Amino acid sequence: MSTGGVAVVLSKIPFRFRGLYELGVILFILTLISFVVNTICITIRFLRFRHTFMLSILHPTESLFLSAGLLSIATIIIGCEAYGGPKTGAWFAAAMHVCFWAYCGVSLVWTVALHIVIWSTQTHTVADMTPLWIFPIYPMLLTAPMAAAVAPSQTRMHALEIGIAAFALQGIGFMISLMIYSAYIYRLMTRKLPRAAARPGMFISVGPSAFTVIGIVQLGKAAEDVLEDKLVVMALMVGTLVAGVWLWGLACWFFLVSLAANIKTAESGRLQFELGWWSFVFPNTAFVLATFALGNALESYAINVFGTIIAVALVMAWVYVLVMTVRGVVKKEVLWKDRGEDREEGGYRYPVGPHKGGGEEIGEGDRAREDERVKRRKEGN
């Protein structure tokens, strides 16, 4: 997701230079290779250890990440349009039309089914809440950005249908995210910031607003090529632009809060590398793309310059996290048995029997009390 998102960002940077397009193509090809390799590996895992499939679905933390597969597909579709659309013909536009509707149908069914599974098999508390709760609905948040990428290559009628569907599905995703935002703010007010290892995930809160900005602003601007009534077009353009500016401000606020929280953790030396560091990249690709969308809609040089600056910072973050990931794998710190996220992830104890589902969740309060008991024993000794 992160690599594909960075590839799309490179395709949208307004200040072009020689080699930028080629760099984006390389990253997009790397995205395709990564997706295929990861799909093959996870398939082999589930085929060899079939009981782990249900364990993944029922795991209170891992289940929240299940939507990552759909998000990867959405990123690939958007990247295909960015890099393949200008180089192909009508057949590619028809393929993208099919991909959009297939993604909409699958994401709608998937998000409903996943939430039913989570709500019927797991118990989460506000005390342990992080923005990761938003992740199961994330596939819906990419419908409008995908529609904005696909619609310009479609016929007028197809583009209109895509736009209407995208607004409806994006509305579902954003409104559910908005409700979870309330629980997130409540958790911060009553339980302070998340533990150090979970703080990179705070950037997930940037995504819902930023992805919505990308979709509605670009779709509003595309209305002039689809609708004939100039008054309706003007109303849509103004309305989506105003809403886009408003939501961009919300995304910016969550970005600054998340950044400050992680800087505070880094200064204290408690920010240790985990795969969750990729949250520094993927949600923030949406923030960069939202900035470019507003800059283009407002024809603002200053906004485009700001977007380019944070795009450069984003690419640097991607390189750093990639290097740390490779280093972690080589040193067997992540993606190895009983290492990194594989050690009782989220305070969850796997069942003793290899073929039994469920498990026991350990809350932050239990962990804190156990730490306090250990501290007292040490002081007593």
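Which residue forms a salt bridge with K331, and how far apart are the closest N and O atoms? The partner is E333, and the closest N and O atoms of the pair are 3.8 Å apart. A salt bridge here is a side-chain nitrogen of Lys or Arg within 4 Å of a carboxyl oxygen of Asp or Glu. The model is predicted: local features need pLDDT of at least 70, side-chain atom pairs count only at pLDDT 80 or more, and totals for chains, interfaces and linings use all residues. Residues are numbered from 1 along each chain as its sequence is written, and side-chain values use heavy atoms, with hydrogens and water left out.

Four salt bridges are present in the structure. Side chains of opposite charge can pair when their charged atoms come close. E333 also forms a salt bridge with R327, with the closest N and O atoms 3.9 Å apart. E333 is partly exposed, at 33% relative accessibility. In this account, buried means under 20% relative accessible area, exposed means over 50%, and partly exposed lies in between (1.4 Å probe, protein chains only). R327 is partly exposed at 38%, and K331 is partly exposed at 46%.

Another salt bridge joins the side chains of E62 and R45, at 3.7 Å from N to O. E62 lies in the loop between α3 (51-58) and α4, and R45 lies in helix α2, so the pair ties together parts that are 17 residues apart in sequence. Helices (H or I, at least four residues) and strands (E, at least two) are DSSP runs, numbered from the N terminus. E62 is partly exposed, with a relative accessible area of 24%. R45 is partly exposed as well, with a value of 30%.

Two residues stand out by their backbone angles. Most residues other than glycine have a negative phi. K332 is not a glycine, yet has a positive phi of about 60 degrees. K332 sits in the loop between α12 and β1 (348-349) and is partly exposed, at 44% relative accessible area. E299, also not a glycine, has a positive phi of about 55 degrees. E299 is found in the loop between α11 and α12. At 70% relative accessibility, E299 is exposed.

Helix α4 covers residues 68-84. Its 17 residues should span 24 Å at 1.5 Å a residue, and the end C-alpha atoms are 23 Å apart, which agrees. The expected span is 1.5 Å times one less than the number of residues. Of the 17 residues of α4, 14 are buried, so the helix is largely enclosed by the rest of the structure.

Aromatic contacts come next. The structure holds 22 aromatic pairs. Rings of Phe, Tyr and Trp (its six-membered ring) pair if their centres lie within 6.5 Å; planes under 30 degrees apart count as stacked, over 60 as edge-to-face and the rest as tilted. The rings of F15 and Y301 have centres 5.6 Å apart and planes at 80 degrees, so this pair is edge-to-face. The pair links distant parts of the chain, 286 residues apart: F15 is in the loop between α1 and α2 (20-48), and Y301 is in helix α12 (residues 301-330). F15 is partly exposed at 32%, whereas Y301 is exposed at 60%. F211 and F282 form a tilted pair, 5.8 Å centre to centre with 45 degrees between the planes. F211 in helix α9 and F282 in helix α11 are 71 residues apart. Both F211 and F282 are buried. Ring pairs also link F203, W248, F255, F273, W277, F280, F287, F306 and Y320 into a cluster.

The second largest pocket has a volume of about 700 Å³. On a 1 Å grid over the protein atoms alone, a pocket is an open set of points where a 1.4 Å probe fits, with protein on both sides within 12 Å along at least five of seven lines; lining residues have an atom within 4 Å of a point. Grid points are joined across faces, edges and corners, and a volume is the space filled by probe spheres set on the points. The lining has 33 residues, and K12, A148, A149, P152 and Q218 lie nearest the pocket centre. Elements giving two or more residues to this lining include α1 (2-12), α4 and α8 (156-191). The largest share, seven residues, comes from α11.
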